[in-house]
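User: I have a model open on my screen. Can you walk me through its sheet, strand by strand?

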Amino acid sequence: SFLSGCQMNQQTPSSSLSNAATAVANPDSVPVLHFKLHSYGGFCFNTYECKVVYAGLAQPDNPPGKLRPSFESVGGEKFLKTMGGSGHIDIKNFPAPAKVTWRSKDGTCHSAEIDIGKIFKDERIIHHLPLREFAFQDNPMASSDDPTIVLVVDDRTIKVYMLASINTNREQIPGNKYSYTKNELTLAYSQTF
């Protein structure tokens, strides 16, 4: 069986941070956006084996073997920003907590439950974009896709990010007509085991 011979200790996170929009008249203010669906992506780094079960899907499900590369070696948060909304999509807020089992770089077996619903209990899309940059300033929600929640296991640390993709009224990369979307990645939760 998965991680056979490992004694599991259940740990549950205690911290949390934080589609309808709150209308905002001031173009410099940041509109409040809510979400009822989200996508999910999971990644494991610096582990010998790792499995995350969330919304009925095991992703990732890395079997025992050689040590996986470190988070920083693949680009860290920059890698997460470029992955876009890949993974499991259209998950209704919120399924049961994610169940994570893994063996860290030093060979220690771990298990944890990460309550994504508790981390994002206010159902707000985390972003810092002012209204003046939205593609549809009269309807900010029309400029936003459902966010992607990304769970990263890196050795003994689990981090949960929100990736918000917002369509803007200008190129994010000058001269690139395909760059009218801004991906904002925000760390919402971190725990070391």
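User: In what order do the strands of the open sheet run?

Analyst: A caution comes first: this is a predicted model. The sheet is open, with 5 strands and mixed pairing. Their order is S6-S3-S9-S10-S11.

User: Which are the edge strands, each pairing on one side only?

Analyst: The order has an S6 end and an S11 end. An edge strand pairs on one side only. That gives strand S6 (88-92) and strand S11 (181-192).

User: How much does the sheet twist from one strand to the next?

Analyst: The value is an average, taken from one strand to the next. It comes to 30°.

User: Which residue is the bridge partner of Leu151 in S10?

Analyst: Strand S9 covers residues 148-154, and strand S10 covers residues 157-167. They pair in the antiparallel sense over 7 bridges. Asp154 has Thr157 as its bridge partner in S10. For Leu151, the partner is Val160.

User: Which residue in the hairpin of S9 and S10 takes a positive phi?

Analyst: This hairpin has 2 residues between the strands. One phi there is positive, near 60°. The residue is Asp155.

User: Is S10 mostly covered or mostly open?

Analyst: Buried here means under 20% relative accessible area. In S10, 9 of the 11 residues are buried. The strand is mostly covered.

Terms used
Residues numbered from 1 in each chain as written. Predicted model: local features only at pLDDT ≥ 70, side-chain atom pairs only at ≥ 80, totals over all residues. Heavy atoms only, no water. Pairing = 2+ DSSP bridges. Helix = DSSP H or I, 4+ residues; strand = E, 2+ residues; numbered from the N terminus. Axes fitted to C-alpha atoms, helices over the stretch in contact; angles between N-to-C directions. Buried < 20%, exposed > 50% of the residue type's maximum accessible area, 1.4 Å probe, protein only.
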